[in-house]
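Hi,

Here is the structure I said I'd pass along.

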Amino acid sequence: MKLDSSVAIMSYQAAKAKEITQDSIQNNNDAKLKEQTDAFEAILLKYMLDTSLKLDDPLYPKQPGADIYQSMYKEQLAQQLSGGFGYSRALFDWLKEQQSSYKKS
């Protein structure tokens, strides 16, 4: 009697492929969520930088376009600093917790 194991092997490979696909989808969703929480933290940091860095110098008159350059500087600084202050991580963890509790119910 000869046993054909090809069906079992094919079903195992299909299940493994589905598992890998689910993991990659989850990792992709986590990466997108992390990107969004970092962007939110950048907005908070930009607001903090706007209120704390008043770059008005009474000794020198304002140059044309100085406000635009200062705004661009603060925005880039906020984007570079985002992800390291902890707001992003706290928001990410909270959203993942909410997502898992939503899936359970």
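Is Asp38 buried or exposed? Asp38 is buried, with a relative accessible area of 19% (buried means under 20% relative accessible area, exposed over 50%, partly exposed in between, with a 1.4 Å probe and protein chains only).

Before the rest, some housekeeping. This is a predicted model, where local features need pLDDT of at least 70, side-chain atom pairs count only at pLDDT 80 or more, and totals for chains, interfaces and linings use all residues. Residues are numbered from 1 along each chain as its sequence is written, and side-chain values use heavy atoms, leaving out hydrogens and water.

On to the salt bridges (a side-chain nitrogen of Lys or Arg within 4 Å of a carboxyl oxygen of Asp or Glu): the count comes to 5. Asp38 pairs with Lys34, with the closest N and O atoms 3.1 Å apart. Both sit in helix α1, 4 residues apart, about one turn of the helix (helices are DSSP runs of H or I, at least four residues, numbered from the N terminus). Lys34 is partly exposed at 24%.

Asp30 bridges to Lys96 at 2.7 Å between the closest N and O atoms. Asp30 lies in helix α1 and Lys96 in helix α3 (residues 87-104), so this pair ties together parts that are 66 residues apart in sequence.

Asp50 and Lys74 form another salt bridge, at 3.9 Å between the closest N and O atoms. That one links helix α1 to helix α2 (residues 66-81), with the two residues 24 apart. Lys74 is buried at 7% relative accessible area, and shared partners join Lys46, Asp50 and Lys74 into one network.

Cheers
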